[in-house]
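Hello,

Here is the structure I promised to hand over. My notes follow below it.

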Amino acid sequence: MTDADPLSATLFALADPTRRGILAQLARGDASVNDLAAPYDMSRAAVSKHLKVLERAGLVSRSKDAQWRPCHLEGAPLRAVADWLDDYRRFWDRSLEALTDYLEEMQRPKNKKRRRKDAK
Amino acid sequence: MSDVEIDSSSKEDAVIVMTRTFDAPRDLVWKAFTDPKHVARWFGGRGFVTTLCEMDVRPGGIWKHVMRMPNGEDLVMEVVFLEVVKPERLVWENVDHGKRAPGGHPTSRMTVTLEAVGKKTKWTLVTRFGSIEERDAANRIGFANVIAEGTEKLAEVLAE
């Protein structure tokens, strides 16, 4: 459906309150489609549609064996998003820290402020 | 002193907001941020060494930046400027919009606003996520919420 990279696929899957609700429910344990549909005023088919999106994003897997085919939460894509956000924040935090120092350096009078090396 | 935060209040947009106040006049901050000669000196921060920085700061212009990461690998960034309002507003987004290699960054649009506060300058960086297909969804639902909720749930999941 979409050629988006996995990270974007995860973000897309998360961009819907029902899907987030489903994930929250699954975080408490595996559940059937009926279980998942229960809290919502929504048909089983509608919930299945959301599950499809979550499955495609790799956030949910479904057992093939058991007859009720329980849905299971897969943590890896969430972890990838959290990792990316962490990296992103760290990158800018570090950059802005460096910019703070650099701005100070830019404003420093260009006199002979050479640091003397004190031999100890 | 570090004022980086994920804004969890916005329901309008897909955002991460980072703010910081610099002890420098706005014109100088703008210069440090838009002149490649200066940008090469701080972008990426400690441990990141800029090996290439080309900026064509005007709408449609490209900013290409290559830096050597602490692990020895190159980090290549290429973005296109969408809005340039000297000295107060700069907007850019990934140049490979919607056609990223797997594992790449999520598509994002970044807006930096510089606000003069006396002799200081307040910096605000707003990052919005979403590719072409995702934009509708992103505009409807606050990504900030997604992020906040997502990470909370994540904590639960990881605790298992």
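β5(B) and β6(B), the latter covering residues 89-94 of chain B, pair antiparallel over 6 bridges. Strands count as paired if DSSP finds at least two bridges between them. Within this pairing, B:E83 has B:V91 in β6(B) as its bridge partner.

This is a predicted model: local features need pLDDT of at least 70, side-chain atom pairs count only at pLDDT 80 or more, and totals for chains, interfaces and linings use all residues. Residues are numbered from 1 along each chain as its sequence is written, chains are lettered from A and ligands numbered from 1 in the order written, and side-chain values use heavy atoms, without hydrogens and water.

β5(B), residues 74-85, also pairs with β4(B), residues 62-68. The two run antiparallel, joined by 7 bridges. B:W63 sits opposite B:V79 of β5(B). The β4(B)-β5(B) hairpin has 5 residues between its strands, and B:G72 there takes a positive phi near 90 degrees.

Now the whole chain. Chain B has 4 helices and 8 strands. Both are DSSP runs numbered from the N terminus: helices are H or I of at least four residues, strands E of at least two. The order from the N terminus is β-β-α-α-β-β-β-β-β-β-α-α.

Of the 160 residues in chain B, 48% are buried (under 20% relative accessible area, 1.4 Å probe, protein chains only). Among contacts (heavy atoms within 4.5 Å) between residues at least 6 apart in sequence, 40% in chain B join residues at least 24 apart.

Best wishes

Key: Buried < 20%, exposed > 50% of the residue type's maximum accessible area, 1.4 Å probe, protein only.
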